[in-house]
Amino acid sequence: MKQILVTGGTGYIGSHTAVELQHKSYEVIVADNLSNSSLDVLDGIEQITGKRPLFEQIDFAKDQACRDFFAKYPNIEAIIHFAAYKAVGESMEQPIKYYRNNLLGLMNILEAMSHHGIKHLVFSSSATVYGQPELLPASEKAPFQPATSPYGNTKQISEEIIQDCLQADPQLSAIALRYFNPIGAHASALIGELPLGVPNNLVPFITQTAIGIRGKLKVFGTDYNTPDGTAIRDYIHVVDLAKAHVYAIERLLNNQFQTPFEFFNLGTGKGRSVLEIIQCFERVSGVKLPYELVGRRPGDVEQVWADTELANRVLGWSAQSSLEETLLSAWNWEKNYRAKNQ
Ligand code: WQD
């Protein structure tokens with residue numbers, strides 16, 4: 001079995017990707033520093049696939065720890081690198097924490113790849129690199145706008161670091177996957193988005209309001225230049241997103257890539273407003289959501305959704321889940337998680 005390293009593999013997207021890799025008979029090493037996830041996630045993965053991934057608790061931003069890790073695992077064929085901090089608001093308050101962790105971790109991984117002859121990297125990037133695109137839907141050719149947060153900036157700089165390393169080492173090949181808004185959870189409700197603290201993101205805040213943990217949802221901004229005045233995003237099921245990582249890894253392992261560094265937008269290609277998400281959630285859950293309309297959240301873009309043509313045609317991947325089943329999966333995860341963690 002080919003061995004794939006999934007850094008940040010006990011995290012939200014990492015854990016769902018580990019499941020999809022195991023379904024395709026890859027041997028998965030999950031490596032995580034557990035700063036924003038828990039070991040229980042490995043139980044969920046094992047219950048779903050029947051196989052517990054190898055696990056190492058490690059902080060890749062620590063040089064020696066990273067070297068020791070790769071000396072211990074000499075058979076890694078490819079790496080999917082998720083491990084990074086990702087809270088936009090927190091990055092505004094603690095920029096150095098974000099630059100140190102996200103950039104040092106990536107640089108240590110890239111150094112180890114060259115040193116150990118690991119040729120392939122799938123990098124977890126983000127649609128935040130586009131900021132507010134001038135043209136919609138946002139295509140991979142859209143120019144980067146100045147990042148609106150240190151988090152978004154680490155993603156832009158990371159892509160540039162990878163580009164430079166590929167130029168220096170022709171053995172390397174990489175794919176950057178630019179996520180729009182990942183939501184939902186595995187159909188089993190055994191893994192999902194771990195709710196630590198007050199959620200920044202819309203859908204976990206909705207499900208925690210629906211289950212009674214939060215009093216009321218705030219809708220940030222009703223004066224946008226959109227049909228109902230609320231902001232528009234492209235919400236994609238996390239399992240669809242996870243499957244795209246398997247497509248990307250296989251494209252690299254089978255040397256099907258056209259250039260050493262390829263980029264793909266991962267979205268549904270459909271934009272939905274905040275009010276549309278609320279209404280859809282109420283329909284599928286049968287729960288009336290208490291919410292209030294308030295001012296805009298600083299740093300938010302007005303509207304962004306993906307041009308998915310490249311991922312559909314070249315990667316051969318497209319999002320399959322409807323918004324209804326995606327929101328229902330988020331709701332089922334919330335109910336199952338709370339029932340188990342009273
Ligand atoms: C979506 C919409 C909010 C909460 C973030 C990260 C991005 C990426 C995806 C990693 C916005 C509105 C939200 C609430 C609200 N993550 N909202 N009330 O900001 O589009 O993107 O997640 O790559 O990096 O920035 O997602 O879910 O926070 O917000 O009205 O309580 O919901 O204003 O319009 P966002 P989000």
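**Reading strands, residues and a ligand shell**

Q: How many of the 6 residues of strand S11 (residues 261-266) are buried?

A: A residue is called buried under 20% relative accessible area, exposed over 50%, and partly exposed in between, using a 1.4 Å probe and protein chains only. Strands (E, at least two residues) and helices (H or I, at least four) are DSSP runs, numbered from the N terminus. In S11, 5 of the 6 residues are buried, and the strand is mostly covered. The model is predicted, so local features need pLDDT of at least 70 and side-chain atom pairs count only at 80 or more, while totals for chains, interfaces and linings use all residues. Residues are numbered from 1 along each chain as its sequence is written, and side-chain values use heavy atoms, leaving out hydrogens and water.

Q: Which strand pairs with S11, and in which sense?

A: Two strands pair if DSSP finds at least two bridges between them. S11 pairs with strand S6 (residues 173-179) in the parallel sense, over 6 bridges.

Q: Are Asn102, Ile213 and Pro170 buried, partly exposed or exposed?

A: Asn102, in helix H5 (residues 95-116), counts as buried because its relative accessibility is 4%. Its side chain makes a polar contact, at 3.0 Å, with the side chain of Asn101. A polar contact is a pair of N or O atoms within 3.5 Å; within protein, one must be able to donate a hydrogen and the other to accept it, and residues adjacent in sequence count only if both atoms are side-chain atoms. Ile213, in the loop between H7 and S8, is partly exposed at 38%. Pro170, in the loop between helix H6 (150-168) and S6, is exposed at 71%. The C-alpha atoms of Pro170 and Ser114 are 9.9 Å apart, although 56 residues separate the two in sequence.

Q: Which residues are closest to the ligand?

A: A residue is near a molecule if one of its heavy atoms lies within 4 Å of it. Here 20 residues surround the ligand, and the closest are Tyr151, Leu202, Lys218, Arg233 and Asp300. Counting Ala, Val, Leu, Ile, Met, Phe, Trp, Tyr, Cys and Pro as nonpolar, Asp, Glu, Lys and Arg as charged, and the others, Gly among them, as polar, the shell holds 11 nonpolar, 5 polar and 4 charged residues. Helix H7 (202-210) and strand S8 (217-220) each supply at least two of the shell residues; S8 gives the most, with 4.

Q: Which side-chain and backbone atoms lie by oxygen atoms of the ligand?

A: An N or O atom in the side chain of Asp300 is 2.6 Å from a ligand oxygen. For the side chain of Asn181 the distance is 3.0 Å, and a backbone N or O atom of Phe220 is 2.9 Å from a ligand oxygen. The protein covers 91% of the 680 Å² of accessible area that the ligand has on its own, with areas taken from the Shrake-Rupley method with a 1.4 Å probe.

Q: Why is the ligand said to lie between two domains?

A: Domain bounds come from an automatic or database domain assignment. Domain 1 (3-183 + 236-266) and domain 2 (202-233 + 269-340) both give residues to the shell, so the ligand lies between them.
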